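Subject: Structure handover

Hello,

The structure is handed over below, with the sequence. My notes follow it.

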Amino acid sequence: RDVTLEFERGHLNTIAGPSGSGKSTLADIALGLLTPAQGSLQANQKDISGDNLYAYQRTIGYVPQHIFILDDSVIANIAFGVDKDAIDMDAVTRALIQANAMEFVEKLPQGINTGLGQDGKLLSGGQRQRIGIARALYRKNKILILDEPTSALDIESEHDLMQLLNKLKKEILIIVISHRPAAIKLSDRISVIADGNLVANGAYAELYENNSYFKSMIEKGFMEQ
């Protein structure tokens, strides 16, 4: 309700808030899956509507909380949905390098030709996330939206993933949906949603010092809310 937000490339943008607050609904609007009852969704000062919605959505890479892994090779998982004879191997390599996934992929038994097993049983949580990001980067998307990307990661893997996103933010507009304090702390711009309202918007240090709701949520831990 009455939410006005701007997300920019070059910043690591995070939508935060307790469970049920409305952050996923806000993300669905950004994805063009929901139409605002009032106001509009804009990209580069242009309204996104029925005429250009499909073209806009084709610029978005979406990384869900639980990433589906094919029982197939690394290549097939990166070029997800692309016919094998149409796969751009240079793009696969580029995406793996951008996602900091090439190092562990090269250590797999058959490298990029290694089968990842049913539901990616060969992958750790952090590796699974990197495959998901590489999949999104394969298509050279301009926007990357990640839904709770660190929820299943340990602290070290969470930190590594946020560092990766901080590197990618110069090339692609990144929006993270999260309720994890550690992930929020490593973001540049944080938009906190509570009961469908925008209750805080700004940098971590600024909000922690000046916004009592934000400070309370961080000290209690968003995960507990």
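Contact here means heavy atoms within 4.5 Å. On that basis, and leaving aside its neighbours within four places in sequence, Ser21 is in contact with Ile193, Ala194, Asp195 and Gly196. Ser21 sits in the loop between β1 (12–16) and α1 (23–30). Its relative accessible area is 4%, so Ser21 is buried (buried is under 20% relative accessible area, exposed is over 50%, and partly exposed is in between, with a 1.4 Å probe and protein chains only).

Some notes on the source. The model is predicted: local features need pLDDT of at least 70 and side-chain atom pairs count only at pLDDT 80 or more, while totals for chains, interfaces and linings use all residues. Residues are numbered from 1 along each chain as its sequence is written, and side-chain values use heavy atoms, with hydrogens and water left out.

The chain as a whole

The chain has 10 helices and 8 strands; these are DSSP runs numbered from the N terminus, with helices being H or I of at least four residues and strands E of at least two. The radius of gyration is 18 Å, close to the 17 Å that the globule rule gives for 225 residues, so the chain is as compact as a globular protein of that length. The radius is taken over C-alpha atoms, and the rule is 2.2 Å times the number of residues to the power 0.38. Along the principal axes, the C-alpha atoms fill a box of roughly 50 × 45 × 30 Å.

Of the 225 residues in the chain, 46% are buried. Among contacts with a separation of 6 or more, 69% are between residues 24 or more positions apart. The accessible surface comes to about 12000 Å², and carbon and sulfur atoms hold 47% of that (Shrake-Rupley method, 1.4 Å probe; for residues, only the protein chains shown count as cover).

There are 23 positive and 28 negative side chains, and the centres of the two sets lie 2 Å apart. Lys and Arg count as positive and Asp and Glu as negative, without His and the chain ends; a charge is placed at NZ of Lys, CZ of Arg, CG of Asp or CD of Glu.

Aromatic pairs

Rings of Phe, Tyr and Trp (its six-membered ring) pair if their centres lie within 6.5 Å; planes under 30 degrees apart are stacked, over 60 edge-to-face, and the rest tilted. The count by this rule is 3 aromatic pairs. One of them, Phe68 with Phe80, is edge-to-face, at 6.2 Å centre to centre and 80 degrees between the planes. This pair links distant parts of the chain, 12 residues apart: Phe68 is in the loop between β4 (60–63) and α3 (74–78), and Phe80 in the loop between α3 and α4 (89–98). Phe80 is partly exposed, at 30% relative accessible area.

Tyr204 and Tyr208 form a stacked pair, with 6.0 Å between the centres and 10 degrees between the planes. Both lie in helix α9 (residues 204–210), 4 residues apart, or about one turn of the helix. Tyr204 counts as buried at 16% relative accessibility, whereas Tyr208 counts as partly exposed at 29%. Ring pairs link Tyr204, Tyr208 and Phe214 into a cluster.

Positive phi

Gln45, which is not a glycine, has a positive phi near 65 degrees. Gln45 lies in the loop between β2 (42–43) and β3 (46–47) and is exposed, at 71% relative accessible area. Asp119, also not a glycine, has a positive phi of about 55 degrees. Asp119 is in the loop between α5 (102–106) and α6 (125–138), and is partly exposed at 46%.

Regards
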